[in-house]
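User: I would like to go through this model and ask, for each label, what value stands behind it. Please set each value against its cut-off before you conclude.

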Amino acid sequence: MEKPLFSISLKIIFLGILDALAIWSIITIIFDGYYWVGGILSLGVIIINYIFLSERAYPFRYMVPGLIFLVIMVIYPIFYTIYVSFTNYGTGHILNKEQAIEQFENQVYFPKDSVSYTFQAFKNDSGEIKIILFSPEEEAYLCENKKIIVKVDLSDPRFIDQDKDGIIDQFDNYKKLDKIQIIQSLNELQNLRFKKDEYIIKLANLTEFIVCNKKYQFDPSLDRLLDLENGKIYHDIEGYFISEDGERLTPGFRVKIGFKNFTKLIRSPQISGPFLRVFGWTFLWAFLSVITTFALGLTLAIILNDPYMKLRKIYRTLLIIPYSIPGFISCLIWCGLFNTEVGIINRILNNLFQVIIPWLQHPIWAKVAVVVVNLWLGFPYMMIITLGALQSIPFELGEAAAIDGASRWQQFKSITFPLLLVSLAPLLIGSFAFNFNNFNVIYLVTQGRPAIPGAGTPAGATDILISYTYRLAFEGARGNQWGLASAVSLIIFIIIAVISAIGFHYTRALEEVSKNV
Amino acid sequence: MKKFLTVFLVLMMLIGLISIASASEVGKLLIWCDADRAPVLEEVGKEFTAKYNIPVEVQEVGDPHRRLTTAGPAGEGADLIIGAHDWIGELIENGLLEPISLFTELRSKFVPVSLEAFTYGGKLYGLPYATEAVALFYNKDLVPEPPATFEELITIAKGLTNREKGEYGFLIQMPDPYHSFPLLSATGGYIFGENPDGTANPLDIGLASEGAIRGANLLLRLVQEGIEVPGADYQTVIGLFNEGKLAMMIAGPWTIEGIREAGINYGIAKIPTIDGQVAKPFVGVQGCMVSAFSENKLLTRTFLIDFVATKETMLKLYERANRPPAFLPALEEVSENPDIKGIAISAADGIPMPKIPEMASVWGAWADALELIVNQKLGPEQALKDAVEHMKKAIQGE
Amino acid sequence: MYRKHSPVGAFGRHILIWTVIGFAMFPVIWIFSASINPANTLLGQSLIPKNYTWNHYVEFFTNKQHPFGLWILNSVKVSGVTALFTVILAALGAYAFSRFRFKGRRTGLLSLLLVQMFPQMLAMVAIYLLLLNIGKYISWLGLNQHISLIMVYLGGAMGFNMWLMKGYFDTISYSLEESAMIDGATHFQSFIRIILPLARPILAVIFILQFIGTYSDFILASILLSSKENYTLAVGLRLFITGQYSTRWGAFAAASIIGAFPIMMIFLLLQNQLVSGLTRGGVKE
């Protein structure tokens, strides 16, 4: 088949750019020692090249540009989450083991007879630095290279004191640095380590070097850390270096801990206790969120799609306002409107019906409040997608029905709505899943409150699964437990996936999909 | 075959075009702080740059400590972060902070309690610049003289409360552990007990102690007398006070600017005593912390000691914050300011906010307990005991 | 399905719409009230503060430390580019899912939907570390770059939008494409010349949804962007407010209101594209 030159050259340029980027990165990445990443990247590039150069993979050419982003920005984080769920990543275990060991090995202690040396720094034209150290006994030492210092005699003519103030200004080609120059060279100076006897000498502050000694030494063959000062031995136990007598060193580090996060989740009475209640509300919440927003969005879309409706452009624009205000501020405002004591909603209710509703204090009213807020936040989205989907419903069908004398409601029920559902059902299921995990609204409006009396189950009345379990993960033990949070994410994902699969089964969506396959 | 050859050629050309980025940040100071501090540090940074020709970049960051947790170990973190002392426990446990050594002469220029707040495991991890604590804020037009005891406060508040007209005598933000802690602490409530070596003992939680329960009963009484109302969240309390509808509240220095702009004739006083005992608020200390992953540790220290720990800078920081400076020369200069006096007097009785990471397990359960008490769903004793039981379980990792 | 309604029916509809507009505007009015309240409280007890002020709006344009105007421009740029590319890439993918039959098509469609359901909490850390590492090799694709932020958004936008688009393409008749292909057009040409013009309403819908979604995102942008001149409005505003104890609600509210205007403009400009049912050519047979 003859192909236009243009599309071939476009393809080649696209592939060329991609491969160039990829090969260059793969080479660098492999040189840096990340073999895994390099391997996966190479595989991806080979797949993409195959797709674009083989006729058999033709349909995939349309998907690749979009899917690349999906894989990198959505799929990869999922795998990262899975990985983290098998580690103890969290407060106290943020660094990896190498970083933790490096921190320990950089620590020093000061021996009893530790002394400090004042110093002068010198630099030559090629930027090399040399130091003269002065001991408390006024002895002078010169560092000849970066490691060793030797005692020198400053009366040697090699050392020049031009202004005769007793301070050496120059020796060999090295010129003395003033305070400003010392500060500018500080990063170089702070890394200097000289050996003297069994000790090391390093920079302590702007005017002094100090004698100290290395505190810890890691022994890779025995996987243990040795305290050089007192001989204590620390073993690696679940992400901490712990001594025989139970002393634990800070910081800990990240290690793989197998299924511990999962077993902890499953065994914990704090989770299993309120699970059914929380799960029930989460389900109800997601369901109500979808139903309410969709019902309102659909009604509006149908009315505003009507060519006979006056002012509909202005109406549509006004109705997307809730969608265009930052959710952060609108949630806080809603909180205030629902305030039991001074909120405007209760003031109106009180004036009209003499009732005061404990909106955010009563479990059921608090649930009503979050659903209302979410309706407000979510109906414009539903209105817009329904407006879009309505355009795909052929007018002729409606007109034919009208001629048959069907009422508007019958038309809607038997023609428009089923057709709409075909294209919208997957999105409604998506919206269900989104609300199932809608942490932000719950957190900003009620923070899961009101609290429910009962020891050991800190799940509030409006807590949904994700807000409750994250609360356990981030308010437990010693702060953030990212590993546990990841395990929670994974379990919640499985729950949603199952619910969605069932949802698909019962909507016509899946049929529609299979019909087209 | 031709196809592949062309692809290869284009590819080789492009490889040549891609340049390698250098991400090394040696020799440049990066500071993360909030919007209030940023202008001051930018100014100080410019002086530093002018003197030493070393660039200083200030970035406004919402949660510097959270960001440092991810960015620090990856080599992208700031050299210096500005924030509250109760961050340090978690940051140190994570291996993210570098101790700061101060000369004795300089140490003596700081309010001792502020240095103590930034001390962890015997080492100093922050250069403090301000202290803060909640105090009793009152509207002088409604309450000419602040009450000295809670009994007095209740009498005054009852006289001024008219909920029909939307007028309130006294409110504490609810359910908020931070603002209501003085009530619990006055009669002997505490968060963590002390080990013999002076460190906090996370398994000795004093929030269900007899004293704490007495304090919580007082809270309940405020509700029963119709003084404290449901839904008194931060925004509501501040909103009412700024409109002159609230006579007294427990609040912190961060509210001062808004109150002034609202034109309220306000005063700041000590929190009234409870049963003759002094109410002890949490004291928070703000300061500068050096990242353990900084490539410029000594440079950062020089910046802190020579440019931040000066009267000039400390006064500039004070002007942005309305909090008593932690640096004595600056504090002396502003100690006659009535706002500072009020906050400082309150803070003088306070206890530093616990900084051990176990504190994360305390806030949520504590707030839940307060909520149950204020909504009268559960008695103070039961609510606090349940909460402490939960905290202990969480701390032990169950 | 629409006919001219009786005056009563029309009146009823307008009443209903106005009720919903009332519901939609109610909190916005309070945000506006906060924006003119000199006391900087988020919730005034009266709708019109005693001594109102426009200073917060003035501050919006004059605040040197917080260049709101620049942030809005950044937001428009990032959201515009993201929305445009979302439309292009999702349309391409949806076309394949709608018009070709290949192995793994159904699984692919379902997984597209499923991956979107994964709780995103940890994705922030993962994406941050990923971009940080990419940035070490290719600086313009690293952190604090609009282009990388756009790529992140594009990744998140593919799933639902491809579905939405595919559902719409499915309703477009094959007959036009078939006749075009008989005339020698390639698949790609018929996609560009026949499908895209017919699918204009859904392209507009996706552009609008993606624009608004990106415009209001705070979490991803705040993690990836670190210098003030690169902030989007949502990030700038949130940092400006630093937590619940902020004293700057007035300016925040004012900025929120001004920030809503670009969205309204985009919507006004595009809403004619939204409704084009009458001009559609083919009907599914």
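Analyst: Let us begin with an interface in this predicted model: between chain B and chain C an area of about 2700 Å² is buried, and carbon and sulfur atoms give 51% of it. On the chain B side, the residues that lose the most area to chain C are B:Glu60, B:Gln235 and B:Glu243, which together make up 23% of what that side buries. The contact joins 34 residues of chain B to 35 residues of chain C.

User: What makes the pair B:Glu60 and C:Lys228 a salt bridge?

Analyst: The closest N and O atoms of B:Glu60 and C:Lys228 are 3.4 Å apart, and the rule asks for a side-chain nitrogen of Lys or Arg within 4 Å of a carboxyl oxygen of Asp or Glu, so the pair B:Glu60 and C:Lys228 qualifies. Across the interface of chain B and chain C the rule finds one salt bridge, while the count of residue pairs in polar contact, both at pLDDT 80 or more, is seven.

User: Which elements of chain B supply at least two residues each to the side that touches chain C?

Analyst: They are α2, β2 (56-60), α3 (64-71), α10 (234-242) and α11 (256-262) of chain B. Of these, α10(B) gives the most, with six residues. Sorted by class, the side of chain B that touches chain C has 13 nonpolar, 10 polar and 11 charged residues.

User: How do you know that C:Arg13 and A:Asp306 form a salt bridge?

Analyst: Their closest N and O atoms are 3.9 Å apart, and the limit is 4 Å, so the pair C:Arg13 and A:Asp306 is counted. The count between chain C and chain A is one salt bridge, and the same interface has 12 residue pairs in polar contact, both at pLDDT 80 or more. By class, the side of chain C that touches chain A has 74 nonpolar, 17 polar and 11 charged residues.

User: How many residues does each chain bring to the contact of chain C with chain A, and what area is buried there?

Analyst: Chain C brings 102 residues and chain A brings 116. The buried area is about 10400 Å², with 79% of it given by carbon and sulfur atoms.

User: Why is B:Arg37 called buried?

Analyst: The relative accessible area of B:Arg37 is 6%, and buried means under 20%, so the label applies to B:Arg37. This residue sits in the loop between β1 (29-33) and α2 (38-52) of chain B.

User: What makes the pairing of B:Arg37 with B:Asp34 a polar contact?

Analyst: The side chains of B:Arg37 and B:Asp34 are joined at 2.9 Å, and the cut-off is 3.5 Å, so the distance for B:Arg37 and B:Asp34 meets it. A polar contact of 3.2 Å also joins the side chains of B:Arg37 and B:Tyr129. Beyond its neighbours within four places in sequence, B:Arg37 is in contact with B:Ile82, B:Tyr129, B:Leu317, B:Arg320 and B:Ala321.

User: Which residues of helix α7 of chain B are buried, and how do you know that they lie on the same side?

Analyst: In α7 (residues 150-160) of chain B the buried residues are B:Phe150, B:Leu153, B:Ile154 and B:Ala157. They cover an arc of only 100° around the axis, and therefore they lie on the same side of α7(B). In general, an α-helix has 3.6 residues a turn, so residues three or four places apart point the same way. On the other side of α7(B), B:Thr155 and B:Gly159 are exposed. The cover over the buried residues of α7(B) includes β8 (135-139), β9 (168-171), α8 (177-186), α9 (210-224) and β12 (246-251) of chain B.

Note on methods. Residues numbered from 1 in each chain as written. Chains lettered and ligands numbered in written order. Predicted model: local features only at pLDDT ≥ 70, side-chain atom pairs only at ≥ 80, totals over all residues. Heavy atoms only, no water. Helix = DSSP H or I, 4+ residues; strand = E, 2+ residues; numbered from the N terminus. Buried < 20%, exposed > 50% of the residue type's maximum accessible area, 1.4 Å probe, protein only. Polar contact = N/O pair within 3.5 Å; in protein donor to acceptor, adjacent residues only side chain to side chain. Contact = heavy atoms within 4.5 Å. Arc of directions from axis to C-beta. Buried area = accessible area lost by both parts, 1.4 Å probe. Nonpolar A, V, L, I, M, F, W, Y, C, P; charged D, E, K, R; others polar.
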